[in-house]
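Here's a quick briefing to read with the model open beside you. Have the sequence handy too, and follow along residue by residue.

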Amino acid sequence: MKYLIKNLLGLMLLSVILLQFSSCSKETFTKANINPNAPTIIVPNVILPSVEISLAYAQGGDLTRFSDLFMQQNIGFGRQSSAYYQYIVTSTDLDNVWGNLYTSVLGNNKDLLTRSDAGVYNAYSGISRILMAYSLQLLVDGWGSVPYSQALKGD
C-alpha cells in the first residue's frame, strides 16, 4: 500500500512538472487575440462616408418629416403621421434624431477632423469642418441652444 501511494504521488508530481513545461506560452494567447478584421489605423476616406450617410439619414428622415407636417406641406393618414399632423409629438419621437446627430454625425465627424488634422489630409479636414458647421446648424434650427464646447469630449 505504501509503495502504491509513493508511486501515485511521484506520478502526480511528474505530471504537474510535465504540464507546466508543455503548457502554452504567453505568446500563443496574444497572437490569438488579434482581430484581423479590426484595423488599428483608420484613414479619413473610410470615416467620411459614414458621416455623410448618417447626416443624410437624420436630415432626410425624421427632421424632414416633422417639419413638413408642421408646415402642412405633407399630410399623413397613418396613425403615426396623423398624430404628428395634430401636433401630438412626445419627447421620445425626437430622441432618435438628437442621438443620431450627436453620436453618428458629430462624434464620427470629430474623429474625422482629428485624424485629418493629424495627417496630411487637408481636403478631408475642410470637408469635416463644413459638415460640422452644417450639422450644428441643423441642431440649432431644431432645438435652439445646443451644447457645443462641452459636448463631444467623451470617448
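This is a predicted model: local features need pLDDT of at least 70, side-chain atom pairs count only at pLDDT 80 or more; totals for chains, interfaces and linings use all residues.

Residues are numbered from 1 along each chain as its sequence is written, and side-chain values use heavy atoms, with hydrogens and water left out.

**Overall fold**

- The protein has 6 helices and 0 strands, where helices (H or I, at least four residues) and strands (E, at least two) are DSSP runs numbered from the N terminus.
- Going along the sequence, you get the pattern α-α-α-α-α-α.
- Of the 155 residues in the protein, 23% are buried; buried means under 20% relative accessible area, exposed means over 50%, and partly exposed is in between (1.4 Å probe, protein chains only).
- Among contacts with a separation of 6 or more, 66% join residues 24 or more positions apart, a contact being heavy atoms within 4.5 Å.
- The accessible surface comes to about 11400 Å², and 62% of that belongs to carbon and sulfur atoms; these areas come from the Shrake-Rupley method with a 1.4 Å probe, and for residues only the protein chains shown count as cover.

- H3 has 27 residues and reaches 38 Å from its first C-alpha to its last, close to the 39 Å expected; the expected span is 1.5 Å times one less than the number of residues.
- A kink of about 40 degrees in H3 is centred on Thr64, the bend being the angle between axes fitted to the seven residues ending there and the seven starting there.
- After H3 comes Gln72, with a positive phi near 60 degrees.
- Ile75 sits in the loop between H3 and helix H4 (79–85), and its relative accessible area of 47% makes Ile75 partly exposed.
- Not counting residues up to four places away in sequence, Ile75 touches Leu69 and Tyr85.
- Ile75 and Tyr85 are 10 residues apart along the chain, and their C-alpha atoms are separated by 6.7 Å.

**Helix H5 and its partners**

- H5 covers residues 91–118, and its 28 residues reach 39 Å from first C-alpha to last, close to the 40 Å expected.
- H5 bends by about 30 degrees at Asn100.
- Asn100 is also one of the buried residues of H5, which include Val97, Leu101, Tyr102 and Val105.
- Which helices do the buried residues of H5 pack against? They pack against helix H3 (44–70) and helix H6 (122–143).
- On the H6 side, look at Ser128, which is buried with a relative accessible area of 0%.
- Ser128 touches Asn109, Leu112 and Leu113, leaving out residues up to four places away in sequence.
- Ser125 is in helix H6 as well, and at 6% relative accessibility Ser125 counts as buried.
- Setting aside neighbours within four places in sequence, Ser125 is in contact with Leu113, Ser116 and Asp117.

**Salt bridges**

- Side chains of opposite charge can pair when their charged atoms come close.
- Here the count is 2 salt bridges, taking a salt bridge as a side-chain nitrogen of Lys or Arg within 4 Å of a carboxyl oxygen of Asp or Glu.
- Arg115 pairs with Asp111, with the closest N and O atoms 3.1 Å apart.
- Arg115 and Asp111 are separated by about one helical turn, because they are 4 residues apart in helix H5.
- Both ends of that pair are partly exposed, with Arg115 at 29% relative accessibility and Asp111 at 30%.
- Arg129 and Asp117 form a salt bridge at 2.9 Å, N to O.
- That pair links distant parts of the chain, with Arg129 in helix H6 and Asp117 in helix H5, 12 residues apart.
- Arg129 is partly exposed at 46% relative accessibility, and Asp117 is partly exposed at 41%.

**Nonpolar surface**

- Ile41, Ile42, Val43, Val46 and Tyr121 make a nonpolar surface patch of about 430 Å²; patches take residues with over 30% relative accessible area and no salt bridge, joining like charges within 9 Å and nonpolar side chains (Val, Leu, Ile, Met, Phe, Trp, Tyr) within 5 Å.
- Ile41 lies in the loop between helix H2 (26–32) and H3, and Ile41 is exposed, with a relative accessible area of 67%.
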